[in-house]
Amino acid sequence: MPKRSRKQAFWERGYLSHGYWLGKERLGLVKLGPKKEWDGVYRWQAGSHAGQAATLEEAKRGVEQAVLIGVSQLPLFDKN
């Protein structure tokens with residue numbers, strides 16, 4: 001019986017941003033500012049969660065944690 005492979009989320013570098021993808025669905029984003037105007041703060045967003053970090057690694061970790069929390073918690077006010 002063959003094992004079913006599970007899709008793995010991955011990071012992809014873009015122009016002034018890094019995206020966190022699962023297949024063709026973007027789960028989260030880390031934004032940077034233009035080189036001459038950038039204030040040195042990494043701003044991240046994943047679903048309804050957002051934040052700021054001093055390093056790219058911290059920002060990526062924030063996105064990954066927000067995605068895990070969003071996946072593991074049930075919606076509080078779901079109309080279904």
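Tryptophan 11 is partly exposed in this predicted model, with a relative accessible area of 22%. A search of the whole structure finds 2 aromatic pairs. In one of them, the ring centres of tryptophan 11 and tyrosine 20 are 4.7 Å apart and the planes meet at 35 degrees, so the pair is classed as tilted. Tyrosine 20 is buried, at a relative accessible area of 12%. Another pair is formed by tryptophan 38 and tyrosine 42, whose ring centres are 5.1 Å apart with planes at 75 degrees, so the arrangement is edge-to-face. Tryptophan 38 counts as partly exposed at 30% relative accessibility, whereas tyrosine 42 counts as buried at 15%.

Tyr20 and Tyr42 both belong to the largest nonpolar core, which has 11 residues. The largest share, 5 residues, comes from α1. In soluble globular proteins, nonpolar side chains tend to be buried together.

The strands were examined next. Strand β2 (residues 17–22) is joined by 6 bridges to strand β3 (residues 25–31), and the two run antiparallel. Within the hairpin of β2 and β3, 2 residues lie between the strands, and glycine 23 takes a positive phi near 70 degrees. Strand β3 is also joined to β4, by 3 bridges, again in antiparallel orientation.

Apart from neighbours within four places in sequence, valine 30 is in contact with Trp11, Leu16, Ser17, His18, Tyr42, Arg43, Trp44, Leu56, Ala59, Lys60 and Val63.

Serine 17, in strand β2, counts as buried at 17% relative accessibility. With neighbours within four places in sequence left aside, serine 17 is in contact with Glu12, Leu29, Val30, Lys31 and Leu32. Lysine 35 is located in the loop between β3 and β4 and counts as exposed, with 82% relative accessibility. The C-alpha atoms of lysine 35 and leucine 16 are separated by 8.8 Å, and the two residues are 19 residues apart along the chain.

Key: Residues are numbered from 1 along each chain as its sequence is written. This is a predicted model: local features need pLDDT of at least 70, side-chain atom pairs count only at pLDDT 80 or more; totals for chains, interfaces and linings use all residues. Side-chain values use heavy atoms; hydrogens and water are left out. A nonpolar core is a set of buried Ala, Val, Leu, Ile, Met, Phe, Trp, Tyr and Cys residues joined through side-chain atoms within 4.5 Å. Buried means under 20% relative accessible area, exposed over 50%, partly exposed in between (1.4 Å probe, protein chains only). Helices (H or I, at least four residues) and strands (E, at least two) are DSSP runs, numbered from the N terminus. Contact means heavy atoms within 4.5 Å. Two strands pair if DSSP finds at least two bridges between them. Rings of Phe, Tyr and Trp (its six-membered ring) pair if their centres lie within 6.5 Å; planes under 30 degrees apart count as stacked, over 60 as edge-to-face and the rest as tilted.
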